[in-house]
Amino acid sequence: MSTPERPADAVQGPLHAPAVAQVREAMRLFDDGAEAFVEASDAVWNVVGQASAAAASPPLDGVVLDACAGAGASALPLARAVGPHGYVDAVDLSPRLTAYGTGAAHDAGLGNVAFHSADILDWAAQHVDSYDRIVCTLGLMFLPDPAAAMTAFADALRPGGRVTVTTWAAGAMQPLTGCLWQARLDLGVPAPPPAPFAASVTATEDPGRLLELATAAGFAQPHVDVYRQSLTVNGEVGWALVTGTVLRGLITDLTETQLGQVRGRLAQGLADSGNRVDGTTLTLRAQRANADRDTHPGAPRRASRRRKRPV
Ligand SMILES: C[S@@+](CC[C@H](N)C(=O)[O-])C[C@H]1O[C@@H](n2cnc3c(N)ncnc32)[C@H](O)[C@@H]1O
């Protein structure tokens, strides 16, 4: 599959102001790596995305937001689940990934899902009281302020609507990330600057922290399930994961020769572990309280900006 061109208006609307640099960095890494990202779909993204969509259990005819939707790993199963009279907005920063998603939806004959290139906090702020379900699969850890994101999700849900957030558990993706770091160390190259996402990753890889985020955002009945699973990741898929995700930030300073060495060591490390990678995820589910004031006591009521459903 060829890489879709990046449209001139890559991200529509104003980027969420407080952390523009982090948002832009996420966009650059995922958008530049879009082709490789999609190569890892069958081994990784579709496995997690389908489980996340199933956990969300959207109602028939429901209106769903897939936040940080990538190329549609959870958005497409969600579109199937809500049926032809339901609807899914699949929102992601990366125009190339959303272009892949649009193509995949078309190929699957799904006319009830639309992919949009936008910052999810901007989108949520413009769609208050709009959704029956919000699903965020492997995205919360890239948002500059996960607590603000959870509040934005609560606001974008209709009263009684539910959120499903899936994240990697601590230790997931090993030994892939460990092999990558070790290969860098063996080359003797200086460590890259810390990823801007580090704090958000820490805040979302622990069940207790996820529950705290949901409670602080005013959600009712928060619950976290741990899904322990191992994924089949050979050297080829492993390299797609490195070049197609934010792990890309760990190789952009390397020469061609060094890249070849790192890739070889990564493939060897994965083969030594039987090409198995820890794919343990956490799935948080919670419900927006029934009345706006229950969710944010004392907060003024906002005007609803419900979208018109497509025909
Ligand atoms: C690991 S991928 C997961 C994609 C998809 N949910 C899946 O499971 O295949 C994380 C996605 O978050 C998106 N993302 C990161 N920051 C974002 C933001 N501020 N707004 C919208 N999408 C964002 C990235 O572009 C990337 O596609």
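Two residues are in contact if their C-beta atoms, placed from the backbone, lie within 7 Å. The model is predicted: local features need pLDDT of at least 70, side-chain atom pairs count only at pLDDT 80 or more, and totals for chains, interfaces and linings use all residues. Residues are numbered from 1 along each chain as its sequence is written. Helices (H or I, at least four residues) and strands (E, at least two) are DSSP runs, numbered from the N terminus.

**Helix 5**
- Pro95, Arg96, Leu97, Thr98, Tyr100, Gly101, Ala104 and Ala105 of helix 5 are buried (20 or more other C-beta atoms within 10 Å of the residue's own).
- The cover over these buried residues includes helix 1 (20–32), helix 2 (34–39), helix 4, strand 2 (87–92) and strand 3 (113–117).

**Helix 3 with helix 4**
- Helix 3 (residues 41–56) packs on helix 4 (residues 75–82) at about 35 degrees, with the axes 8 Å apart; axes are lines fitted to C-alpha atoms over the stretch in contact, and angles run from 0 to 180 degrees between N-to-C directions.
- Gly49, Gln50, Ala53 and Ala56 of helix 3 meet Pro77, Leu78 and Ala81 of helix 4.

**Helix 8 with helix 12**
- The axes of helix 8 (residues 176–187) and helix 12 (residues 256–272) come within 9 Å and cross at roughly 140 degrees.

Methods
Buried ≥ 20, exposed ≤ 12 C-beta atoms within 10 Å, placed from the backbone.
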